[in-house]
Each structure stands twice: as C-alpha cells, then as structure tokens.
Amino acid sequence: MATRVTRKNKNLESTLPLTISAQLGLVDQISYFDKRIASSNLTNYILLNRGEFAYNKSYSNGYPFGAVKRLNRYDKGVIPSLYIAFMPNTIFINSDFMEMYFETSLWHKEVSARASEGARNHGLLNISPSDFMDIYMKIPKKIEEQKKIAKFLEDFDSLIALHQRKPFIKNGGIKNDSK
C-alpha cells in the first residue's frame, strides 16, 4: 500500500524542520514550539514532500499508538529519522482515504501486534520501520469507493466541527465566534 521514504536532505532542499502534532498534523517546529528543536545540521533529516506521510511513535493524548500525519501545509520539510516516513501507492490506495484511515483506531491492533516486548522506550512505541510498513490495512479494493468514503468522513468531520463552535452574545445579539 505504501513505500517507505528514506531520502535524506543532503542537498539542503529544505530548511524547514517539522514536528507531528496529533491535533494539527505536520507543522513548522519553530512556530509550534516557539524555538528550534532540530539540530543545526539538517542534512541527515528525512526530506518529506507534500502528500507524503510521517509516523511519530510517541504517545500523545488521544493517540495511544502515536500519530500518522500527511504533509499538507508545506511543499517540503524535514523530519528526524526517528519518524517513519512513507508515501501511498496511489494505484492501490487513495491518499485522502489513507489520511482518514490513520485518524481511526483501525491500525492500532496491527501496530500493537508488531511492537516488541516492553512496548515503550522513553515514551516511544518500540516498533521497527519494517514492522510498521508491514501492517495490514482493511480497505476497499476500488479507488472510487475509497474516495467516496474519504469525502464522506471529511464532510462529517467538518459538520461536527461546525456544531462544536460555541456562539456568544455581543451587543444584544447572538454572534458566532468563528471568523
């Protein structure tokens, strides 16, 4: 379903260090942390292109098996080799479907079964890149069906977000707090 991405940033094609936020996805590390966490030499970092995915094996609130996020905000960025990077094989899987799939818990059982004994090492799930890349995914065979499912889930997420916005009262009338 996917191919592992291991390309290094040896020619400094990107100087944008990224981090995975479980809630926000792949984001600029400097903006997210208000400081640079990455090393000054980014040549050994993995170069990620828009549309490629990264897996952070770290536990995060609501993400007990880590977070898998697609690079959507930037054309390129770099991630530490601690992350597992991959790109979907679009002959078999729709990228939007894959993105939505990794927002579910459907893949957790597969990762749990492949994680080594003593599952965590300093907060990181102990799973090798090859074991992660070998997880089994239950997906519809037809790309068109995957697209429809992804679109439905995206629309449903948007609807939920819309209904979770809280109105507030201003100048005697009800106003929506979103701008």
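**Sheet, core and surface patch**

Leucine 159 lies in helix α5, which covers residues 143–164. The model is predicted. At 41% relative accessibility, leucine 159 counts as partly exposed, because that class lies between the 20% and 50% cut-offs. Leu159 also belongs to a nonpolar patch on the surface.

An open sheet of four strands was found, with antiparallel pairing. The strand order is β1-β8-β5-β6. Strands β1 and β6 (67–70) stand at the edges. Each has a single partner strand, so one side of each is left without a neighbour in the sheet. On average, neighbouring strands of this sheet are turned by 30° against each other, direction ignored. Strands of a sheet pair through backbone hydrogen bonds, either parallel or antiparallel.

Strand β8 spans residues 84–88. Four of its five residues are buried, so β8 is largely enclosed by the rest of the structure. The pairing of β8 was then examined on each side. Strand β1 (residues 2–5) runs antiparallel to β8 and is joined to it by four bridges. Within this pair, alanine 2 has proline 88 as its bridge partner. Threonine 3 stands opposite methionine 87. Strand β5 (residues 53–56) is also antiparallel to β8, and three bridges join the two. Here the bridge partner of tyrosine 55 is isoleucine 84.

The largest nonpolar core holds 22 residues. Those that touch the most other members are Tyr55, Val68, Phe102, Trp107, Val111 and Phe132. At least two residues of this core come from each of β5, β8 and α2 (95–101). Helix α2 gives the most, with four residues. In soluble globular proteins, nonpolar side chains tend to be buried together.

Notes:
Residues numbered from 1 in each chain as written. Predicted model: local features only at pLDDT ≥ 70, side-chain atom pairs only at ≥ 80, totals over all residues. Heavy atoms only, no water. Buried < 20%, exposed > 50% of the residue type's maximum accessible area, 1.4 Å probe, protein only. Pairing = 2+ DSSP bridges. Axes fitted to C-alpha atoms, helices over the stretch in contact; angles between N-to-C directions. Patch = residues over 30% accessible without salt bridge, like charges linked within 9 Å, V, L, I, M, F, W, Y side chains within 5 Å. Areas by Shrake-Rupley, 256 points an atom, 1.4 Å probe, with all protein chains shown as cover. Salt bridge = Lys/Arg side-chain N within 4 Å of Asp/Glu carboxyl O. Core = buried A, V, L, I, M, F, W, Y, C linked by side-chain atoms within 4.5 Å.
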